[in-house]
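Please walk me through this structure, starting from a single contact and then moving on to the cores, a helix and the aromatic rings.

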Amino acid sequence: DELDRLEVWAGKIGMNSREQAYALLRGLDNAYRGMQTIENEQSRKVAEAQFNGIIAKMQHEAGLMLRDLGGRAALGEERNRVRPSVEQSWWFLDEYLDGARKRALRRLLLTGGIIVAALAILAVVYQLFLAPDPEVAARYGRMQAAQDALMEGDFEQGLADVEQGLAVAPGDPELLTLKGVLQQMSGRADEAQATYAEAAGRFERAEDFYVTRGQMYVMAS
């Protein structure tokens with residue numbers, strides 16, 4: 001009967017008055033002592049299961065229970081007066097809550113460390129096996145910048161970007177074609193024709209040159 005009553009109070013954690021909260025702790029003291037006198041083993045196991053369920057409920061809602069008790073300071077004062085043994089864990093909910101928070105923080109840090117380590121490994125794998133050649137990356141970057149400048153009508157900036165790309169990849173046919181288009185758009189027709197001739201000679205097939213130049217004309221339109 002005592003455990004049934006305590007179970008009802010435990011079910012109202014967060015809504016109990018301060019008096020009810022301390023009555024729950026004292027009731028657990030009485031129930032704990034009473035269980036030691038139960039001679040029938042089966043009855044004792046049933047009582048212990050119910051008793052442990054109440055403790056688990058309190059620990060699961062330790063924050064709310066601590067609030068019902070009036071906070072850490074109030075619980076500490078009452079605990080000093082009662083002087084419970086370490087087996088009476090329900091009197092040490094503040095310490096349980098601190099331990100739970102520390103364990104949660106450790107899990108969080110461990111998970112964060114695992115994620116950081118995994119990202120570091122992926123970065124190494126990428127650099128070793130997947131990262132593009134620096135020359136290829138630089139060429140692509142300058143090509144993209146020059147094409148953007150072409151579409152915006154900033155032909156001088158586009159030519160500057162193309163020259164930087166050609167410094168990394170001399171004789172690249174696509175960069176040379178883009179350079180010719182930028183020169184033509186800038187009014188440098190003679191220079192553009194010379195650049196086109198050089199670019200056409202760099203493609204494996206002549207039609208590839210015309211397709212590439214046509215695409216770039218579309219960008220400029």
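Over the ring of which residue does the charged end of Arg103 sit? The charged end of Arg103 sits over the ring of Tyr96, 5.8 Å from its centre, where a charge counts as over a ring if NZ of Lys or CZ of Arg is within 6 Å of the ring centre and within 35 degrees of the ring normal. The model is predicted, so that local features need pLDDT of at least 70 and side-chain atom pairs count only at pLDDT 80 or more, while totals for chains, interfaces and linings use all residues. Residues are numbered from 1 along each chain as its sequence is written, and side-chain values use heavy atoms, with hydrogens and water left out.

The largest nonpolar core has 28 residues, of which Leu25, Leu28, Met58 and Met65 touch the most other members; such a core is a set of buried Ala, Val, Leu, Ile, Met, Phe, Trp, Tyr and Cys residues joined through side-chain atoms within 4.5 Å, and buried means under 20% relative accessible area, exposed over 50% and partly exposed in between, with a 1.4 Å probe and protein chains only. At least two residues of this core come from each of α1 (2-10), α2 (18-35), α3 (41-60), α4 (62-68), α5 (72-82) and α6 (93-130), the helices being DSSP runs of H or I with at least four residues, numbered from the N terminus. With seven residues, α2 gives the most to this core. Leaving aside neighbours within four places in sequence, Leu28 is in contact (heavy atoms within 4.5 Å) with Leu6, Phe51, Ile54, Ile55, Met58 and Trp90. A second, separate core of 17 residues includes Ala146, Leu159, Leu175 and Leu176.

Helix α9 covers residues 173-185. Ten of its 13 residues are buried, so α9 is largely enclosed by the rest of the structure; among the buried ones are Leu175, Leu176, Lys179 and Gln183. Just after α9, Gly187 takes a positive phi of about 90°.

Turning to the aromatic rings, Phe and Tyr rings, and the six-membered ring of Trp, pair if their centres lie within 6.5 Å, with planes under 30 degrees apart counted as stacked, over 60 as edge-to-face and the rest as tilted. By this rule the count comes to six aromatic pairs. The centres of the Phe203 and Phe209 rings are 6.2 Å apart and their planes at 55°, so this pair is tilted, and both residues are buried. Ring pairs link Phe203 and Phe209 with Tyr196 and Tyr210 into a cluster, and Arg213 lies over the face of Tyr196, at 4.6 Å from the ring centre.

Notes
The expected span of a helix is 1.5 Å times one less than its number of residues.
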